[in-house]
Amino acid sequence: MRGISVKQAAEIVNGKLYGTQGLDSEILGVTIDSRKVENGYMFAALKGEHVDGHDYIGKAFELGAVCCIAEKLPEDISGTVIIVPDVAAALKILAENYRKRFDIPVIGIAGSVGKTTAKEMIASVLSQKYNVLKTEKNLNNELGVPLTIFRIEPEHEVAVIEMGISDFGEMSRLAKMVRPTMAVYTLIGHAHLERLHDRNGVLKAKAEMLDFMPDDGTVFLNADDDLLAKLDCRQNKVLYGTKDNADVKAENILSDSLSGLSCDIVSGDRRIPVKVSSYGSHMVYAALEGAAVGLAMGLSNAQIAAGIAAYETVGRRANVCDTGFITLIDDCYNANPDSVMCAVDSLKSVDGRKVCILGDMLEMGENKAELHAKVGKYASDNGVDMLLTVGELSKNTCTAAEEISSLHFDTNAELITGLPELIEKGDTVLVKASHSMKFDEISDALKLLK
């Protein structure tokens with residue numbers, strides 16, 4: 001963060017200043033974690049469910065914070081504190097103001113599946129030509145997005161910002177801060193249906209971003225998604241996909257088992273042979289997203305191909321691990337019906353026995369039982385040899401897999417106990433569930449099998 005002093009920050013958020021130290025000092029960064037405070041940083045004292053940031057204001061000053069922003073004034077503090085009614089709201093106001101100081105391309109990433117993959121791929125491609133700022137990890141909500149915006153520095157030439165939502169109005173609040181000049185929509189799927197109701201509701205909520213984009217902005221839409229393909233917007237529209245209606249199209253797609261895929265990306269008279277060294281049939285869309293944005297941003301064929309080849313998997317997203325006993329596909333970061341079925345599709349190119357360990361998919365709305373059953377039947381119909389499930393909702397997944405061997409467990413611990421008898425040497429095992437199911441425990445146990 002550059003160009004805003006402590007005094008200016010207080011004025012921007014309409015806060016009340018307590019203390020006179022460093023009022024003209026430039027704020028060099030913003031953090032909500034007192035352990036990450038550096039000299040010149042602002043520490044935002046957020047009150048969370050388990051931890052109150054106000055208890056760490058003194059520690060933040062000890063580590064070099066130039067100021068803190070808080071909702072109450074702590075006792076015996078000598079540093080400068082900006083008092084506001086709502087710290088989270090103040091951070092959004094400050095982020096919106098800070099974003100307006102930069103006249104650079106800003107790419108907003110939205111969708112039900114594949115946002116982080118798209119963000120990483122696009123950033124990898126654009127980094128072949130530009131100095132790129134991207135969202136760290138998946139800090140894509142109303143707290144993470146401001147922190148991403150604060151990381152934009154004068155040397156950055158483009159920003160790629162992931163934007164995740166679960167309710168109507170959230171995207172408007174995010175986009176009001178981000179003000180994207182480009183938008184990439186990955187897929188409209190069955191996610192957060194408790195609030196968004198159905199796929200049309202998902203699309204409506206995510207399309208709120210377009211209201212905060214300029215008329216001459218560019219919107220990249222997955223042409224293979226029925227709702228995105230027909231989305232009408234006032235901005236320039238670029239369709240990407242595998243079908244004939246795509247402006248940027250993938251042809252000659254070849255899957256190389258667990259090691260990745262190759263294809264030709266075609267746009268007009270340009271044909272770019274690319275290789276993705278990451279597992280999953282969905283990676284063709286990530287390559288298309290990177291290429292489509294790269295083409296719009298003036299990259300050469302060689303730069304686009306190099307950026308796609310340089311992509312690396314993030315965290316526990318389709319992370320392939322040869323344990324010496326099995327091949328583990330650790331995809332336990334999150335799950336919804338679309339991402340699970342996509343993961344099952346990716347298994348088709350794998351030789352040998354295929355095992356899926358699936359858990360509850362949360363926020364699925366009133367049709368949650370049917371959606372879990374749909375996943376089980378899909379696994380049964382598409383080459384999975386054994387299905388193991390955990391969770392109350394996943395009983396439906398297990399029951400629907402009528403044509404294959406399937407077992408349900410009440411807890412992760414019960415399933416882990418049964419793994420030595422169920423998993424065979426040479427199996428390929430997919431592990432996937434919503435993050436709160438803590439399936440990383442199962443993945444870690446699978447790595448120990450011998």
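This is a predicted model: local features need pLDDT of at least 70, side-chain atom pairs count only at pLDDT 80 or more; totals for chains, interfaces and linings use all residues.
User: How many residues of strand β8 are buried?

Analyst: In a regular strand the side chains alternate between the two faces of the sheet. Strands (E, at least two residues) and helices (H or I, at least four) are DSSP runs numbered from the N terminus. Buried means under 20% relative accessible area, exposed over 50%, and partly exposed in between, with a 1.4 Å probe and protein chains only. Five of the five residues of β8 (residues 158-162) are buried, so the strand is largely enclosed by the rest of the structure. Val 158, Val 160 and Glu 162 point one way, and Ala 159 and Ile 161 the other.

User: Which residue of β8 is the bridge partner of Leu 133?

Analyst: Two strands pair if DSSP finds at least two bridges between them. The partner of Leu 133 is Ala 159, and three bridges join the parallel strands β7 (residues 132-134) and β8. Strand β6 (residues 106-110) also runs parallel to β8, joined by four bridges, with Val 106 opposite Ala 159.

User: Is Glu 120 buried or exposed?

Analyst: Glu 120 is buried, with a relative accessible area of 10%. Glu 120 is found in helix α4 (residues 115-126). Beyond its neighbours within four places in sequence, Glu 120 is in contact (heavy atoms within 4.5 Å) with Lys 134, Thr 135, Tyr 311 and Val 314.

User: What is the volume of the largest cavity, and what is that of the second largest pocket?

Analyst: Rolling a probe the size of a water molecule over the atoms shows where empty space is left. On a 1 Å grid over the protein atoms alone, a cavity is a set of points where a 1.4 Å probe fits but cannot get out; a pocket is an open set with protein on both sides within 12 Å along at least five of seven lines, and lining residues have an atom within 4 Å of a point. Grid points are joined across faces, edges and corners, and a volume is the space filled by probe spheres set on the points. The largest cavity holds about 40 Å³, and its lining includes Ala 335 and Lys 432. The second largest pocket has a volume of about 270 Å³.

Terms used: Residues are numbered from 1 along each chain as its sequence is written. Side-chain values use heavy atoms; hydrogens and water are left out.
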